[in-house]
Amino acid sequence: MGREREREVQQYTVEQLVAVNPYNPDILPDLENYVNDQVSSQTYSLSANLCLLRLYQFEPERMSSQIVSRILVKALMAMPAPDFSLCLFLIPERVQMEEQFKTLIVLSHYLETGRFHQFWDEAAKSRHIVEAVPGFEQAIQAYAIHVLSLTYQKVPRPVLAEAINIEGLSLDKFLEHQVVNSGWVLDKGNGRGQLIVLPPNEFNHPELKKNTADTVPFEHITRIFPIMG
């Protein structure tokens, strides 16, 4: 309880510093510590991270590659929000050419283009970068499901397995959880292999958009895209 209170106070203090002194280099250590706190507590503040990257532009000799890497990984985890591009814009090109940042840029490209097989292969080669941030795999899996839900009414099991990088018994358990908690339905597909029926939305069921465009409450839209919150 005390640790949670400490985090609340720290978050309030950091956000206040960002609002009052966004260009004061004296707050650099506070912002760097806050990035590490975001990693350990699995929280996220784009505004604080952008503020830190802007300060690094004015104080390049104080830039921490480890901190910048963690910011970019957290930004990847926020997809489909454009946070990664916003952060990358504030990072000098010479820094982007460092190997770890080139890797993260490639990973971002794979995600943006829906090339999940290539993404997971590349991520496996760079575990020391992405696994430094807890929750990375789960966040990308949520994004992959979001992308699939924009296209498919029914997803073949192999397509889902490739997109979220889960197979076998682990995938069975994952599907059981989604059936209970997310309204997924398992369909044998008339002998053609298992199909996963995804909940309808205005993208995989265009008629919903036509019929309800003017009447769907905002809170329903947020439930359709849970990872954007």
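**Salt bridges in a predicted model**

Who is the partner of Lys102? The side chain of Lys102 meets that of Glu99 in a salt bridge, with 3.7 Å from N to O. That counts because the cut-off for a salt bridge is 4 Å. Glu99 itself is exposed, at 56% relative accessible area. Where do the two sit? Both belong to helix 7, which spans residues 99-112, and they are three residues apart, so about one helical turn separates them.

If you are new to this, here is the general idea: side chains of opposite charge can pair when their charged atoms come close.

How many salt bridges turn up in the whole structure?

In one of them, Asp187 pairs with Lys154, and their closest N and O atoms are 3.1 Å apart. This pair links distant parts of the chain: Asp187 lies in strand 2 (residues 185-187) and Lys154 in strand 1 (residues 154-156), 33 residues apart. Asp187 is partly exposed, with a relative accessible area of 25%, and Lys154 also counts as partly exposed, at 41%.

Now over to Asp172, which forms a salt bridge with Arg157; here the closest N and O atoms are 2.8 Å apart. This pair, too, links distant parts of the chain, with Asp172 in helix 12 (residues 168-182) and Arg157 in helix 11 (residues 157-164), 15 residues apart. Is Asp172 buried or partly exposed? At 29% relative accessibility, Asp172 is partly exposed.

Definitions and conventions:
Residues are numbered from 1 along each chain as its sequence is written. This is a predicted model: local features need pLDDT of at least 70, side-chain atom pairs count only at pLDDT 80 or more; totals for chains, interfaces and linings use all residues. Side-chain values use heavy atoms; hydrogens and water are left out. Helices (H or I, at least four residues) and strands (E, at least two) are DSSP runs, numbered from the N terminus. Buried means under 20% relative accessible area, exposed over 50%, partly exposed in between (1.4 Å probe, protein chains only).
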